[in-house]
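Colleague: I would like to learn how to read a model like this one, feature by feature. Could you take me through it slowly, giving the idea before the case?

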Amino acid sequence: MIGGMAASVAAPLGSSDTARHDQVVLDAIARGDLAAFRRVYDRLQPKLHRIAFAVLLDCGEADDVIQEVFLKLHRQAARWSPQIGLEPLLFRATLNSALSLLRRLARFRRSWKADAGVGSSPEHVVAARQGIALMRSALEGLSGKQRAVVALHLDAGLEPSDIARLVGATPNATRVTLHRALSVLRQTLIANGVNPLQEGES
Amino acid sequence: VKDLMKRFLDEAQPTPHQAEVAWRVIESRVREPSRRSRRWRFAVALSATAAVATGILWWRAPSSPPPIEIYVARTGDPGSALELVIAEAK
């Protein structure tokens, strides 16, 4: 019964079978099935961590958010109803926790030093560090919610209509938020000598 | 932008070992719900440190009037200084 669950959480948003499978997963977790819980963790932890980090720009805080989200899943699985799917449900829980923590940390933000390790040649490492440092600098110019929308679109591949359900906004408002955030990112990168059109699809 | 964003987020990804350690923490907290998070323990330690520091400062703060020599130096007269000390003590 639990065997197909890992696949179920990978199903696209709104898939007809997803809700039924997700309910089975939640039921298993609610019964204390650690193996099912672990499968959900292994499948979704990287995605959720990327979203939490995009909002918080801090690895340690993102780790804490993920920990709290999975503990909440374990404790409240019996009460959760995956009407929008387990994956979007955890995306939403992660976003809420990260944005809430971001507000609490507003005065106590710790700096995070980018430490790129892409490639092997010195030129590659320097270029990667510059690009990543620039990206961090550009992202810092956005609000936490804008960063979340950008990450959900560019990294998780969600459409604005799906993102809207996660952030509690209308699809049109989400499109505007995404458009403005991407414009700011492009302008910041261009101003620093990076041509986004050469870096990849935007 | 998409490529840079993915590279930026790749940099922040926990290694498999870190992810495993993170899972062990979650697993242990599931088994022992009374265990507290790192942030909670840090907050408690910070509060305790602040309480101890406040206690030390309070304990070291002068709770009695300055020595009579200060009053003597201020008034130039031991008798007047004594009167000031008595008045302050009241």
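Colleague: To begin with the charged side chains, how many salt bridges does a search of the whole structure find over all chains?

Modeller: Please keep in mind throughout that this is a predicted model. The search finds 13 salt bridges over all chains, and four of the salt bridges that the rule finds lie across the interface of chain A and chain B.

Colleague: Before we go into those pairs, what does the secondary structure of each chain come to?

Modeller: Chain A has 10 helices and zero strands, so that reading along its sequence gives the pattern α-α-α-α-α-α-α-α-α-α, while chain B comes to five helices and zero strands, running α-α-α-α-α from the N terminus on.

Colleague: And how much of each chain counts as buried?

Modeller: The idea needs a cut-off, since a residue counts as buried when its relative accessible area is under 20% and as exposed when that value is over 50%, with partly exposed in between. By that rule, buried residues make up 49% of the 202 residues in chain A, and 21% of the 90 residues of chain B. The accessible surface of chain A comes to about 9,600 Å², with 51% of it belonging to carbon and sulfur atoms, and for chain B the accessible surface is about 6,500 Å², with 63% on such atoms.

Colleague: How should I read the contact between the chains, and how many residues does the contact take from each?

Modeller: The size of an interface is often given as the accessible area lost when the parts come together. Here chain A and chain B bury about 3,500 Å² between them, and 63% of this area is on carbon and sulfur atoms. On the side of chain A, the residues that lose the most area to chain B are A:R38, A:Y41 and A:R50, which together account for 17% of what that side buries. As for your count, the contact takes 49 residues from chain A and 29 residues from chain B.

Colleague: A:R50 is one of those residues; which residue does A:R50 form a salt bridge with?

Modeller: The partner is A:D155, and the closest N and O atoms of the two are 2.7 Å apart. A:D155 lies in the loop between α7 (144-154) and α8 (160-167) of chain A, whereas A:R50 lies in helix α3 of chain A, so the pair ties together parts that are 105 residues apart in sequence. Both count as buried, because A:D155 has a relative accessibility of 13% and A:R50 has a relative accessible area of 13%.

Colleague: Which residue of chain B forms a salt bridge with A:D155?

Modeller: That residue is B:K6, with the closest N and O atoms 3.4 Å apart. This pair crosses between chains, from helix α1 of chain B to the loop between α7 and α8 of chain A. B:K6 is partly exposed, because its relative accessible area is 29%.

Colleague: Turning to helix α1 of chain B, which of its residues are buried?

Modeller: In this helix (residues 2-12), the buried residues are B:L4, B:M5, B:F8, B:L9, B:E11 and B:A12. They cover an arc of only 150° around the axis, which puts them on the same side of α1(B).

Colleague: Lastly, which residues form a nonpolar patch on the surface?

Modeller: The patch is formed by B:I68, B:L82 and B:I86, which together have about 240 Å² of accessible area. One of them, B:I86, lies in helix α5 (residues 78-89) of chain B, and B:I86 counts as partly exposed because its relative accessible area is 44%.

Conventions:
Residues numbered from 1 in each chain as written. Chains lettered and ligands numbered in written order. Predicted model: local features only at pLDDT ≥ 70, side-chain atom pairs only at ≥ 80, totals over all residues. Heavy atoms only, no water. Patch = residues over 30% accessible without salt bridge, like charges linked within 9 Å, V, L, I, M, F, W, Y side chains within 5 Å. Areas by Shrake-Rupley, 256 points an atom, 1.4 Å probe, with all protein chains shown as cover. Helix = DSSP H or I, 4+ residues; strand = E, 2+ residues; numbered from the N terminus. Buried < 20%, exposed > 50% of the residue type's maximum accessible area, 1.4 Å probe, protein only. Arc of directions from axis to C-beta. Contact = heavy atoms within 4.5 Å. Buried area = accessible area lost by both parts, 1.4 Å probe.
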